[in-house]
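User: I would like to go through some labels given to this structure and ask what each one rests on.
Analyst: Go ahead; each label can be set against its cut-off.

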Amino acid sequence: MSKFLWHCLVSPTILVASGLMSWGAFAAEVGENGKDRGEEAIVIAQASDLGDTTTIDDLSQTATDSLDFSEIDQVTSVSQLRDVQPTDWAFQALQSLVERYGCIEGYPDRTYRGNRALTRYEFAAGLNSCLDRIQELIAALPQGVSREDLDRLQRLQEEFASELATLRGRVDALEARVNEVEANQFSTTTKLRGFVAFNVTTASIAGDNVKVEGFSGPPANAMRENGRPMVRRATSPNTTLSGLAWLTFNTSFSGRDSLVTKLVAGNGDSPINQLLSAGLYNTAGTPFFDQTAGVFANEVVLGELYYSFPVANNLRVTFGPRINWYLHFDFNPFTLPTTGANNFNAINSTTLTSTKRGAGAVVEWNISKNFEFRTGYLVENIEFIPGVRPAADPNRGLFNGADTITAELTFKPTSTANIRLLYQRSNLARNFRGQIAVQPILGVADDGFGGRVHDATADTFGVNFDWLITKGFGIFGRYYYSITNIDPINPTLSDGNINAQNIQAGLAFPDLAKKGALATLTFVIPFDVLEGRRFLVAGGGNGGTQYEIGATYFFPLSTNISIVPSLYVIGNINNFDDNPTVFVGNLQTQFRF
């Protein structure tokens, strides 16, 4: 095949066919300039690898862009190309093209990169260069092209006729596939992504029962008996199988902006919820994907709806009626629910936030290589709470409570370490019982005597860090301190604060046993009440401190399918130090498309 390519450059007809067959000899690095111009050349060498592509974007990923010709230097001897060796199969052909015809060029670093894939643009450039040189050589001959050269070309053309015909058929088939995908793609501006999780979950008590304050709900239901929180006892629940699905539509009008519409549905009510006090639903040991997503099981709800766009190269704005707060704040790569520590108390600070999804805006500023700053104002618009939410309720609206202001500064001392400092100011709306039952409180608060309270305010301060020490080992953690002011409606009662802390420490093992896998070990104290337990009608327990130890292993079976076994051990559950230990096991199967 090398004989064919390098001896046929004097014939345009043979050269076109041979160039397509011998893409590797002409190949060169792809420059970013081609991408900026939007050129989408299809790589002939990749034709056999396109069986799994389903959209034009997939084909574009398989393709490569045009060559940046400004980066190429002329060479006069093959010895000037430091990555070409005499033992290379095409060495003699390349030597002929460089030294005899002078129509092959190299990169500024004196490399040829002969194993790179060839695009049509690269082929056209090489063909044009060689044809120009050959025409010069022919014109310089006293008698033009000899009969001997023409006979040689004829023999080569006949020898490789079948290969040329086969390659022509492959190119035609590839072009037909591209046309079919373009004609049947979902949208020219919108990409559809899907995520599905199946959960087998169990929760068991190392004893007969556990003490529980009220009923976890939802909604949370807590009350006092003779001035003290009502306490009941719960026994081990049964094992469950549930599922959750996300469909995300990502629309871009300029290539840099993003309109996100996310539909979600699920039917999970994790077994551990049967053992939790009021206000603690979907917290301790609850796998993140073991949930309903909406108010009711199997209900399709709008999970996210927002528009994000750049104002400058280092400044981005996101606004909309349902922004996911966690996509912008308190991020940690080792506690992402899809791949890392994956229960509700481990994926983020338990004291954040009452506006899990909210209406408003977020501004993100990449100050420098080492610093980022983010701030946002969101009004509660959570999809799994019934009724019209405050952001869309004319009785409350955007500026009358149930909102948070968040500011976060990220410092990156190295490329593998991040330290995030966060502050949040929250206005907390009371529930239908006149109680406060949202973060930063994990539980339910009243006036201390069973009476109603005013809407509350809270301040939360925290630090969140991650450090990938080696390629296979990292550490991470969080510390948050919250102050929630409780103001009784009864004028004879004084107000006061519920002060609490949240602590997390963890170890991460990326690529354990397989590339893309991630194992994590976590230790969490979700809600350690330091002051004001008298206001807690649920969540305060007897003054104990709940702690959780968790182990999760994300293992990708393929690009689209993963399994995630998890085990959580919960001590002093519900902040009762005399409660027995509770064990939660979860086996999750994830599908991505």
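User: Which residues are linked in a network of salt bridges?
Analyst: The model is a predicted one. In it, the network of salt bridges joins Glu364, Glu372, Arg374 and Lys412.

User: Why is the contact between glutamate 364 and arginine 374 called a salt bridge?
Analyst: The closest N and O atoms of glutamate 364 and arginine 374 are 3.2 Å apart. The rule asks for a Lys or Arg side-chain nitrogen within 4 Å of an Asp or Glu carboxyl oxygen, so the pair qualifies. Glutamate 364 belongs to strand 12 and arginine 374 to strand 13 (residues 371-380), 10 residues apart.

User: How many salt bridges does the rule give?
Analyst: The count comes to 13 salt bridges.

User: What makes glutamate 364 buried or exposed?
Analyst: Its relative accessibility is 14%. Buried means under 20%, so glutamate 364 counts as buried.

User: How do you know which parts of the chain aspartate 455 and arginine 396 tie together?
Analyst: Aspartate 455 forms a salt bridge with arginine 396, with 2.8 Å between the closest N and O atoms. Aspartate 455 is in the loop between strand 16 (444-445) and strand 17, and arginine 396 is in the loop between strand 13 and strand 14, so the pair ties together parts 59 residues apart in sequence. Aspartate 455 has a relative accessible area of 35% and arginine 396 has 23%.

User: What are the labels for aspartate 459 and arginine 425, and why?
Analyst: Aspartate 459 forms a salt bridge with arginine 425, the closest N and O atoms lying 2.8 Å apart. The pair links strand 17, which holds aspartate 459, to strand 15, which holds arginine 425, 34 residues away. Aspartate 459 is at 17% relative accessibility and therefore buried, whereas arginine 425 is at 32% and therefore partly exposed.

User: Why can tryptophan 365 be part of the nonpolar surface patch?
Analyst: Patch residues need over 30% relative accessible area. Tryptophan 365, in strand 12 (residues 357-366), has 39%, so that cut-off is met. The patch covers about 830 Å², and its residues include Trp365, Phe411 and Trp467. Strand 17 gives the largest share, three residues.

User: What lines the largest cavity?
Analyst: The largest cavity has a volume of about 80 Å³, and its lining includes Leu280, Asn345, Phe527 and Glu548. The lining divides into five nonpolar residues, six polar and one charged.

Conventions:
Residues are numbered from 1 along each chain as its sequence is written. This is a predicted model: local features need pLDDT of at least 70, side-chain atom pairs count only at pLDDT 80 or more; totals for chains, interfaces and linings use all residues. Side-chain values use heavy atoms; hydrogens and water are left out. Patches are made of residues with over 30% relative accessible area and no salt bridge: like charges are joined within 9 Å, nonpolar side chains (Val, Leu, Ile, Met, Phe, Trp, Tyr) within 5 Å. Accessible areas come from the Shrake-Rupley method with a 1.4 Å probe; for residues, only the protein chains shown count as cover. Helices (H or I, at least four residues) and strands (E, at least two) are DSSP runs, numbered from the N terminus. Buried means under 20% relative accessible area, exposed over 50%, partly exposed in between (1.4 Å probe, protein chains only). On a 1 Å grid over the protein atoms alone, a cavity is a set of points where a 1.4 Å probe fits but cannot get out, and a pocket is an open set with protein on both sides within 12 Å along at least five of seven lines; lining residues have an atom within 4 Å of a point. Grid points are joined across faces, edges and corners, and a volume is the space filled by probe spheres set on the points. Ala, Val, Leu, Ile, Met, Phe, Trp, Tyr, Cys and Pro count as nonpolar, Asp, Glu, Lys and Arg as charged, and the others, Gly among them, as polar.
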